[in-house]
Amino acid sequence: MMAPAATALGFELRVLAEGEDVSAVAAVANAPVGDYKDLDHLLEFSRGLDVLTFDHEHVPTAHLRSLIDAGVNVHPGPDALVNAQDKLVMRAAIDRLELPNPRWAAVASVADLVAFGEETGWPVVLKMPRGGYDGKGVRIVASAGDAADSAEWFEAMSPLLAEAKVEFSRELSAMVARTPDGESRAWPVVHTIQVDGVCDEVIAPALDIPFDVAVAAENAAVRIANELGVTGVMAVELFETPGVGAGFLINELAMRPHNTGHWTQDGSVTSQFEQHLRAILNLPLGATDLLGPVVVMKNFLGGANQDLYSAYPAALASEPAAKVHCYGKAVRPGRKIGHVNLVGTSAADVDSVRQRATTVADIIRNGRAQAGATPTTSEETA
Ligand SMILES: Nc1ncnc2c1ncn2[C@@H]1O[C@H](COP(=O)(O)OP(=O)(O)OP(=O)(O)O)[C@@H](O)[C@H]1O
Ligand SMILES: [Mg+2]
C-alpha cells in the first residue's frame with residue numbers, strides 16, 4: 001500500500017520479501033526474497049538505499065544497530081522501535097513520561113500472575129511482550145483458578161506482561177508522523193473497533209469525543225514521538241476511560257503505517273503511507289485534514305468466498321463511493337485480506353456510512369449480495 005505513494009512522488013521502493021508469494025512482490029518491481037532475521041541478507045539488501053524502514057516490527061534490534069554501524073539510514077531507529085517491539089519496554093517508557101498506563105507488572109511465573117491479580121483484581125490481561133499481533137499473544141485470565149492454564153506461556157517467554165483489564169467505553173487511536181529533524185503532524189484521534197483482538201472498523205474522527213480528551217490524546221502521541229525519538233508514522237492505541245485520569249489510558253504503540261490509519265488513504269489530504277515516506281526522508285510533512293466530516297474503514301477477513309473478484313460486480317455496484325483495497329493475499333478464514341474506505345457527507349449519518357461500508361466488505365467476503373445491498377444490474381436482480 002506504500003507503492004502508490006512512492007510512485008506518485010517518483011521514489012523507487014525496494015522490498016525485502018519473505019517469499020515469492022507475498023503480496024508486496026506483485027506491487028513492487030524490486031522485491032528480492034530474503035530473511036529479515038539474517039544480518040547478511042539485510043546488509044546485502046540495504047546496499048545503495050537512501051533510507052530503510054519497516055512494515056512490521058520484528059527485525060531484531062541488534063541487526064538494526066549493525067546496519068546503522070554499516071552506514072545504513074534506518075528509520076525509525078532501534079532505540080525508538082524497541083518500544084513497539086517489546087510491550088514491557090513500552091510500559092516502562094510510558095511510566096517514565098508520566099503518561100497514563102493501565103496498572104501493569106512484569107510477571108515471571110504463575111505465582112507472580114496470581115499475586116498481580118489478587119492485588120489489582122480479576123480478570124487480568126496477560127500478554128507476550130514480543131511477537132504478538134492481531135490479538136495473538138494476548139489472553140484474558142479470568143481468575144486465580146485459571147492462572148495455571150498459562151504455565152506454557154511462561155515456558156515460551158518470561159517475563160510476561162500482566163495488565164489490569166481496562167473497562168473502556170471505546171478504543172481510540174492517535175496517529176502522528178515525525179521527521180528526524182523533529183517536525184510532527186497528527187491526524188485527528190479515531191475510534192477503532194476490534195473483534196476478537198483484530199481491528200474490524202475505524203471511524204474518523206472519533207465522534208463525540210470530549211475536546212479536551214482529543215487534545216490530550218493527540219498531545220500524548222506527539223510527546224511520545226518526540227521523547228522516544230520516533231521517526232515515520234506511529235499509531236498510539238488508546239482505551240477511552242471517561243472520568244478516569246485524562247479520559248484515556250495507553251494500550252500500545254506501532255511505529256509504521258497501521259491498520260487504524262488505513263482510512264487516510266481515501267479520507268485524508270495525506271495518506272499515512274505518503275506521510276511515512278515524507279517523514280523518513282526528512283521532507284516536510286503533508287496536511288492531515290479529513291476529506292469529509294466522517295470517514296469509515298471496514299476490514300474484511302477471509303470468509304466463504306475464495307474468488308474475491310467474482311464478488312466485485314455486486315460489491316462495487318452496491319456503493320459507488322466506496323474504495324476497495326484488496327491485499328492480494330490467499331484467502332484464509334480470519335486472515336485480513338482487505339478493507340473498504342468510505343467518506344460520508346455528514347457525521348450525523350455515521351450509522352449509514354458504516355452500514356454501507358460493511359455491506360461492500362460483506363459481499364466481497366461472502367461472495368454474494370447481502371441483505372441491504374441494492375442490486376443494480378438485471379443479472380443480480382434475477
Ligand atoms: N489491558 C487491557 N484491558 C482490556 N482490553 C485489552 C487490554 N489489553 C488489550 N486488550 C484488548 O485486546 C486487543 C489486542 O491487544 P493488543 O493491542 O495489546 O495486542 P496486539 O495483538 O499487539 O494487537 P495489534 O493487533 O494491535 O497488534 C486490544 O485492542 C483490546 O481490545
Ligand atoms: Mg493492538
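This is a predicted model: local features need pLDDT of at least 70, side-chain atom pairs count only at pLDDT 80 or more; totals for chains, interfaces and linings use all residues.
Modeller: Residues are numbered from 1 along each chain as its sequence is written, and side-chain values use heavy atoms, with hydrogens and water left out.

Biologist: What are the domains of the protein chain?

Modeller: They are domain 1 (3–84), domain 2 (103–164) and domain 3 (170–381), with bounds from an automatic or database domain assignment.

Biologist: How do you know which residues of domain 1 and domain 3 are in contact?

Modeller: Contact means heavy atoms within 4.5 Å; by that rule, 20 residues of domain 1 are in contact with 20 residues of domain 3.

Biologist: What makes up the area buried between domain 1 and domain 3?

Modeller: Buried area is the accessible area (1.4 Å probe) that two parts lose on being put together, summed over both. Here that is about 1500 Å², and carbon and sulfur atoms give 68% of it.

Biologist: Why is the meeting of E57 and R256 called a salt bridge?

Modeller: The term asks for a side-chain nitrogen of Lys or Arg within 4 Å of a carboxyl oxygen of Asp or Glu. The side chains of E57 and R256 meet at 3.1 Å, N to O, so the pair qualifies. The count between domain 1 and domain 3 is one salt bridge.

Key: Chains are lettered from A and ligands numbered from 1 in the order in which they are written.
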